[in-house]
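Subject: Structure handover

Hello,

I am passing on the structure we discussed. Please have a look at it before reading the notes that follow.

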Number of protein chains: 2
Amino acid sequence: MVARTGLLQIGQVAERTGLSLRTIRFYEENGLVRPTSRSGGGFRLYSDDDVARLEVIKRMKPLGFRLEEMQELLTLLADLTERPEDAALTDRLRMFHEAAAARVHALREQLDIAERFAADLAGRLD
Amino acid sequence: MVARTGLLQIGQVAERTGLSLRTIRFYEENGLVRPTSRSGGGFRLYSDDDVARLEVIKRMKPLGFRLEEMQELLTLLADLTERPEDAALTDRLRMFHEAAAARVHALREQLDIAERFAADLAGRLD
DNA sequence: CTCTCCCCTGACGTGAGGGTCGAGTTGCGG
DNA sequence: CCGCAACTCGACCCTCACGTCAGGGGAGAG
């Protein structure tokens, strides 16, 4: 039985987020999400905040950022909620937004090409 | 000066297709596109058909097929133009089309998530 | 001839994970 | 308390589609 402390084991986190155990551990190795604590035996124990962080990463993934960049963006967003006035932070965020917009554009083009190719294939099926 | 035989060196093909030299060579290593011939010194010489083949591959890429699958699809399409009656070929093509449609769907979802995330970022820039 | 490109092969690196393994942990039922 | 199934651990190798680097060869201009 899991304690009602709200801490989850990696398997439960995986179920909740749709990420694989391996992926979650991989993110930790790369400094993206460290579990709040460990059990006596060494099991990773995640807080709701940890899970939220993982879910943000999951939402970022389609943008094609690298893990390193996602890490930067996560800490940037955290810093910004603490010091929203900081111009340097805002500038950095603007750059991320531009990159995201560019990526959205690229994704739209890919979708377009993919749709046309699928239509071509369909045309062959007469 | 390049001979007017219509044969292109790899660099010219790269320029024409937007693929990198490395990528073109890699495709050859994996049996996707073999240059029609070689110069005396061993330079790859590509015909227009070769280039067309590369361009088909480029259009397939957003669908996320693996190189092996692209190769199969390319030969399948070639076989189909020769024997359009063959039911086995048509079936195989139908499977490719289904996979393509699924991938298009997935791409659309990714685009959706990406757009929402970009909008979130924009919202932070007030 | 040299100079300057362009091209060659071969080997190793990278990014984001996936698979597998043997060993240790947890916690329930009895 | 013991047994046991389910869960987890770290460590390792595998994959895919290239990028990158090293060391060399070919083509044509001057």
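A salt bridge here is a side-chain nitrogen of Lys or Arg within 4 Å of a carboxyl oxygen of Asp or Glu. By that rule, four salt bridges cross the interface of chain B and chain A. Please keep in mind that this is a predicted model.

Salt bridges and polar contacts

Over all chains, the rule gives a count of 19 salt bridges. One pair that crosses between chains runs from B:Arg108 in helix α5 of chain B to A:Glu115 in helix α5 of chain A. The side chains of B:Arg108 and A:Glu115 come to 2.3 Å, N to O, and because the cut-off is 4 Å, the pair counts as a salt bridge. In general, side chains of opposite charge can pair when their charged atoms come close. The interface of chain B and chain A also has four residue pairs in polar contact, with both residues at pLDDT 80 or more.

The side of chain B that touches chain A

Three helices of chain B, α3 (48–60), α4 (67–82) and α5 (87–124), each supply at least two residues of the side that touches chain A. Of that side, α5(B) gives the most, with 20 residues. By class, the side divides into 19 nonpolar, four polar and six charged residues.

Extent of the interface

In contact across the interface are 29 residues of chain B and 29 residues of chain A. The area buried between the two chains is about 2900 Å², and carbon and sulfur atoms give 77% of that area. Which residues of chain B lose the most area to chain A? They are B:Arg59, B:Phe117 and B:Leu125, which together account for 22% of what the chain B side buries.

Helix packing between the chains

Helix α5 (residues 87–124) of chain A packs against α4(B) at an angle of about 35°, and the axes are 12 Å apart. The crossing of α5(A) and α4(B) is left-handed. On the α5(A) side, A:Phe117, A:Leu121 and A:Arg124 take part, and they meet B:Leu73, B:Leu77 and B:Thr81 of α4(B). By class, the residues of this contact are four nonpolar, one polar and one charged.

Helix α4 (residues 67–82) of chain A packs against α5(B) at an angle of about 30°, again with axes 12 Å apart. The crossing of α4(A) and α5(B) is left-handed. From α4(A) come A:Leu73, A:Leu77 and A:Thr81, and from α5(B) come B:Phe117, B:Leu121 and B:Arg124. The contact of α4(A) with α5(B) has four nonpolar residues, one polar and one charged.

Regards

Conventions
Residues numbered from 1 in each chain as written. Chains lettered and ligands numbered in written order. Predicted model: local features only at pLDDT ≥ 70, side-chain atom pairs only at ≥ 80, totals over all residues. Heavy atoms only, no water. Contact = heavy atoms within 4.5 Å. Buried area = accessible area lost by both parts, 1.4 Å probe. Polar contact = N/O pair within 3.5 Å; in protein donor to acceptor, adjacent residues only side chain to side chain. Helix = DSSP H or I, 4+ residues; strand = E, 2+ residues; numbered from the N terminus. Nonpolar A, V, L, I, M, F, W, Y, C, P; charged D, E, K, R; others polar. Axes fitted to C-alpha atoms, helices over the stretch in contact; angles between N-to-C directions. Left-handed = near helix turned anticlockwise from the far one by under 90°.
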